[in-house]
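Subject: Structure handover

Hello,

Here is the structure we talked about, with the sequence alongside. My notes on what was found follow below it.

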Amino acid sequence: METALLQVEGTLPHYQIILTREKGLDQMEVQVEVTPEVFSDTVGGLENLQQKLETAVEQTLSIRVNVRLVEPHTIQRSEGKAKRVIDQRKL
(Lines give C-alpha, C1' and ligand atoms only; values in the text may rest on other atoms or scores of the structure.)
Protein backbone atom coordinates (compact mmCIF):
# COMPACT_ATOMS: atom_id res chain seq x y z
CA MET A 1 0.00 0.00 0.00
CA GLU A 2 2.75 2.41 0.96
CA THR A 3 4.55 1.89 -2.35
CA ALA A 4 1.40 2.76 -4.29
CA LEU A 5 0.64 5.85 -2.21
CA LEU A 6 4.15 7.27 -2.32
CA GLN A 7 4.25 7.03 -6.12
CA VAL A 8 1.95 10.05 -6.23
CA GLU A 9 3.47 13.46 -5.56
CA GLY A 10 1.85 15.52 -2.81
CA THR A 11 1.37 12.77 -0.24
CA LEU A 12 3.14 12.15 3.04
CA PRO A 13 4.20 8.69 4.29
CA HIS A 14 1.40 8.66 6.86
CA TYR A 15 -1.75 6.68 6.13
CA GLN A 16 -4.29 4.42 7.78
CA ILE A 17 -6.53 1.72 6.42
CA ILE A 18 -10.04 1.67 7.89
CA LEU A 19 -12.05 -1.53 7.45
CA THR A 20 -15.83 -1.43 7.83
CA ARG A 21 -18.77 -3.61 6.81
CA GLU A 22 -21.89 -2.27 5.09
CA LYS A 23 -24.80 -4.51 4.13
CA GLY A 24 -22.66 -7.60 4.55
CA LEU A 25 -19.84 -6.31 2.33
CA ASP A 26 -16.41 -5.34 3.57
CA GLN A 27 -15.31 -1.79 2.74
CA MET A 28 -11.81 -0.34 2.78
CA GLU A 29 -11.00 3.34 3.13
CA VAL A 30 -7.45 4.61 3.05
CA GLN A 31 -6.84 7.91 4.80
CA VAL A 32 -3.77 9.62 3.38
CA GLU A 33 -2.05 12.72 4.70
CA VAL A 34 -1.15 15.26 2.05
CA THR A 35 1.45 18.00 2.11
CA PRO A 36 0.35 21.41 3.45
CA GLU A 37 0.74 22.93 -0.02
CA VAL A 38 -1.62 20.38 -1.58
CA PHE A 39 -4.18 20.61 1.22
CA SER A 40 -4.51 24.36 0.75
CA ASP A 41 -4.94 23.89 -3.01
CA THR A 42 -8.24 24.00 -4.91
CA VAL A 43 -11.00 21.43 -4.51
CA GLY A 44 -10.40 20.31 -8.10
CA GLY A 45 -6.74 19.72 -7.31
CA LEU A 46 -7.62 17.61 -4.29
CA GLU A 47 -10.14 15.57 -6.26
CA ASN A 48 -7.52 14.98 -8.96
CA LEU A 49 -5.00 13.82 -6.36
CA GLN A 50 -7.59 11.51 -4.79
CA GLN A 51 -8.30 9.93 -8.19
CA LYS A 52 -4.57 9.47 -8.86
CA LEU A 53 -4.13 7.72 -5.51
CA GLU A 54 -7.10 5.40 -6.08
CA THR A 55 -5.71 4.52 -9.52
CA ALA A 56 -2.20 3.91 -8.14
CA VAL A 57 -3.53 1.53 -5.49
CA GLU A 58 -5.67 -0.33 -8.01
CA GLN A 59 -2.77 -0.72 -10.45
CA THR A 60 -0.29 -1.78 -7.76
CA LEU A 61 -2.48 -4.07 -5.61
CA SER A 62 -5.35 -4.94 -7.98
CA ILE A 63 -7.96 -3.81 -5.45
CA ARG A 64 -10.31 -0.84 -5.41
CA VAL A 65 -10.25 1.37 -2.35
CA ASN A 66 -11.81 4.64 -1.33
CA VAL A 67 -9.15 7.24 -0.62
CA ARG A 68 -9.82 10.12 1.75
CA LEU A 69 -7.29 12.93 1.87
CA VAL A 70 -6.63 14.36 5.32
CA GLU A 71 -4.67 17.33 6.63
CA PRO A 72 -1.03 16.93 7.68
CA HIS A 73 -0.63 15.62 11.28
CA THR A 74 -4.19 14.24 11.35
CA ILE A 75 -3.20 10.59 11.62
CA GLN A 76 -2.00 9.64 15.07
CA ARG A 77 1.73 9.02 15.39
CA SER A 78 3.00 6.25 17.61
CA GLU A 79 6.40 5.36 18.92
CA GLY A 80 7.70 2.21 17.34
CA LYS A 81 5.67 0.49 14.68
CA ALA A 82 2.77 2.52 13.29
CA LYS A 83 -0.74 1.11 13.56
CA ARG A 84 -1.82 1.13 9.92
CA VAL A 85 -5.05 -0.91 9.99
CA ILE A 86 -8.13 -0.12 12.05
CA ASP A 87 -10.78 -2.83 11.83
CA GLN A 88 -14.23 -1.44 12.66
CA ARG A 89 -16.14 -4.44 11.32
CA LYS A 90 -18.52 -6.15 13.69
CA LEU A 91 -17.78 -9.85 13.16
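A pocket, as used here, is an open set of grid points with protein on both sides within 12 Å along at least five of seven lines, and its lining residues have an atom within 4 Å of a point. Please keep in mind that this is a predicted model.

Pocket. The largest pocket holds about 150 Å³ of space. Its lining consists of Pro13, His14, Tyr15, Gln16, Ile75, Gln76, Arg77, Ser78, Ala82, Lys83 and Arg84. Sorted by class, that lining comprises 4 nonpolar, 4 polar and 3 charged residues.

Strands. S1 and S2 run antiparallel and are joined by 9 bridges. They make a hairpin with 2 residues between them, and lysine 23 in the turn has a positive phi of about 50°. One of the pairings puts threonine 11 with valine 34 of S2. S2 also pairs with S3, here in the parallel sense, over 5 bridges. In that pairing, glutamine 31 stands opposite arginine 68 in S3.

Core. The largest nonpolar core has 19 residues, and Leu5, Val30 and Leu53 touch the most other members. Two or more residues come from each of helix H1 (2–6), strand S1 (11–22), S2, helix H3 (43–61) and strand S3 (66–70). H3 contributes the most, with 5 residues. As a general point, nonpolar side chains in soluble globular proteins tend to be buried together. For valine 30, the contacts beyond four places in sequence are Met1, Leu5, Tyr15, Gln16, Ile17, Val65, Asn66, Val67 and Arg68.

Threonine 35. This residue sits in the loop between strand S2 (25–34) and helix H2 (36–39). Is threonine 35 buried or exposed? Its relative accessible area is 16%, and the cut-off for buried is under 20%, so threonine 35 counts as buried. Apart from neighbours within four places in sequence, threonine 35 is in contact with Gly10, Thr11, Leu12 and Pro72.

Leucine 46. This one is in helix H3. Leaving out neighbours within four places in sequence, leucine 46 contacts Val38, Phe39, Asp41 and Leu69. Proline 36 is 10 residues away from leucine 46 along the chain, and their C-alpha atoms are separated by 12 Å.

Regards

Technical notes. Residues are numbered from 1 along each chain as its sequence is written. This is a predicted model: local features need pLDDT of at least 70, side-chain atom pairs count only at pLDDT 80 or more; totals for chains, interfaces and linings use all residues. Side-chain values use heavy atoms; hydrogens and water are left out. On a 1 Å grid over the protein atoms alone, a cavity is a set of points where a 1.4 Å probe fits but cannot get out, and a pocket is an open set with protein on both sides within 12 Å along at least five of seven lines; lining residues have an atom within 4 Å of a point. Grid points are joined across faces, edges and corners, and a volume is the space filled by probe spheres set on the points. Ala, Val, Leu, Ile, Met, Phe, Trp, Tyr, Cys and Pro count as nonpolar, Asp, Glu, Lys and Arg as charged, and the others, Gly among them, as polar. Helices (H or I, at least four residues) and strands (E, at least two) are DSSP runs, numbered from the N terminus. Buried means under 20% relative accessible area, exposed over 50%, partly exposed in between (1.4 Å probe, protein chains only). Contact means heavy atoms within 4.5 Å. A nonpolar core is a set of buried Ala, Val, Leu, Ile, Met, Phe, Trp, Tyr and Cys residues joined through side-chain atoms within 4.5 Å. Two strands pair if DSSP finds at least two bridges between them.
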